[in-house]
Amino acid sequence: MACCLCAKYILLFFNLLIWLTGGAFLSCGILVLYKRDLHELFALLSYDSQLVPSFHNVGYVLIGVGALVFIVGLLGCCGSVRESRLLLGLYVFFIILVMGGELAVAMYTVVLGDEWDRSLPNTLKSRLSTYNYTVPQRFEYDLDIVQKQFSCCGIHGPSDFHDNTDYKIYGNRLPSSCCNILSNGICNESDSYRLGCFQIINDNIQLYSKLIVTVGVGIALLELTALIMAVCVCRNTTEEDEFY
């Protein structure tokens, strides 16, 4: 009985942490939807990729996960307080469902990482050959925003534009977004940013990915512990559920 009571309070504590996790997911989802400075980056990376999600989809998924985590935490708290086998059973089911979703996301990330390293840089580089200096389209607009934001030029560097037709027609000049300071309104390669955008973006993503992996492992351990506690409380509950 004492063991069951201890598991009950531990489960309540872990569900409070799960609620905080749900709040973090919701906050991140809302931030993603309304934070405009990264929209162009995601748009640029998803042009020729079937795996890179759109920025809005990432936000909606985070909000959905946050709402689901809140529901799971509510079920866990109510189930442990009432010692309800029904609620605890639903709690265990949804915890397993969430952990299965996290495993699917992890597998998706591995597949995305393989495309990211192998094909995405070359695919984006080939797009630069059709970069239109005079009649910019959506791709040109997004690339210009990313180049200004990250102080970079091209995918691997300024030389990526050497095969561009407009680059040769306009006297080997680069798009104005490749330079911080223009010479007579022209961006010369000698004045351009030296680093390619893909390297800078990749360095930033590698930095944040380590933090995400650490947080993900912590959340998985939290969910696993809550799952074990819920099973313990459920197995030691002898009273039938009464909701009247």
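1. Read along the sequence, the pattern of the protein is α-α-α-α-α-α-α-α. The model is a predicted one. Its secondary structure comes to eight helices and zero strands. Of the 244 residues in the protein, 37% are buried.

2. The disulfides come next. The count comes to three disulfides. Numbered in sequence order, the bonded cysteines of the protein pair as 1-6, 2-3, 4-5. As a reminder, a disulfide is a covalent bond between the sulfur atoms of two cysteines.

3. C152 is joined to C197 by a disulfide with an S to S distance of 2.0 Å. This link of C152 and C197 is right-handed, with 90 degrees about the S-S bond. The pair links distant parts of the chain, 45 residues apart: C152 sits in the loop between α6 (138-150) and α7 (165-169), and C197 in helix α8. Both C152 and C197 are buried.

4. The sulfur atoms of C153 and C178 are 2.1 Å apart, and the two residues form a disulfide. Its torsion about the S-S bond is about 80 degrees, so the disulfide of C153 and C178 is right-handed. Because C153 lies in the loop between α6 and α7 and C178 in the loop between α7 and α8, the pair ties together parts that are 25 residues apart in sequence. C153 is buried, as is C178.

5. A disulfide is also formed by C179 and C187, with the sulfur atoms 1.9 Å apart. The link of C179 and C187 is right-handed, with 70 degrees about the S-S bond. C179 counts as buried at 8% relative accessibility, and C187 counts as buried at 2%.

6. On the aromatic side chains, the count comes to four aromatic pairs. One of them is Y131 with F161, an edge-to-face pair at 5.6 Å centre to centre and 90 degrees between the planes. Y131 lies in the loop between α5 (120-127) and α6, and F161 in the loop between α6 and α7, so this pair ties together parts that are 30 residues apart in sequence. Y131 and F161 are both buried.

7. The rings of Y133 and Y170 have their centres 6.0 Å apart and their planes at 5 degrees, so this pair is stacked. The pair links distant parts of the chain, with Y133 in the loop between α5 and α6 and Y170 in the loop between α7 and α8, 37 residues apart. Y133 is buried, with a relative accessible area of 15%, whereas Y170 counts as partly exposed at 33% relative accessibility. Ring pairs link Y131, Y133, F161 and Y170 into a cluster.

8. Most residues other than glycine have a negative phi. S151 lies in the loop between α6 and α7 and counts as partly exposed, at 36% relative accessibility. N172 is found in the loop between α7 and α8 and is partly exposed, with a relative accessible area of 45%.

9. Which residues form a nonpolar patch on the surface? They are V213, V217 and L221, with about 280 Å² of accessible area together. L221 is found in helix α8, residues 197-235. At 52% relative accessibility, L221 counts as exposed, because exposed means over 50%.

Notes: Residues numbered from 1 in each chain as written. Heavy atoms only, no water. Patch = residues over 30% accessible without salt bridge, like charges linked within 9 Å, V, L, I, M, F, W, Y side chains within 5 Å. Areas by Shrake-Rupley, 256 points an atom, 1.4 Å probe, with all protein chains shown as cover. Salt bridge = Lys/Arg side-chain N within 4 Å of Asp/Glu carboxyl O. Helix = DSSP H or I, 4+ residues; strand = E, 2+ residues; numbered from the N terminus. Buried < 20%, exposed > 50% of the residue type's maximum accessible area, 1.4 Å probe, protein only. Disulfide = S-S within 2.5 Å. Phe/Tyr/Trp six-rings, centres within 6.5 Å; stacked < 30°, edge-to-face > 60°.
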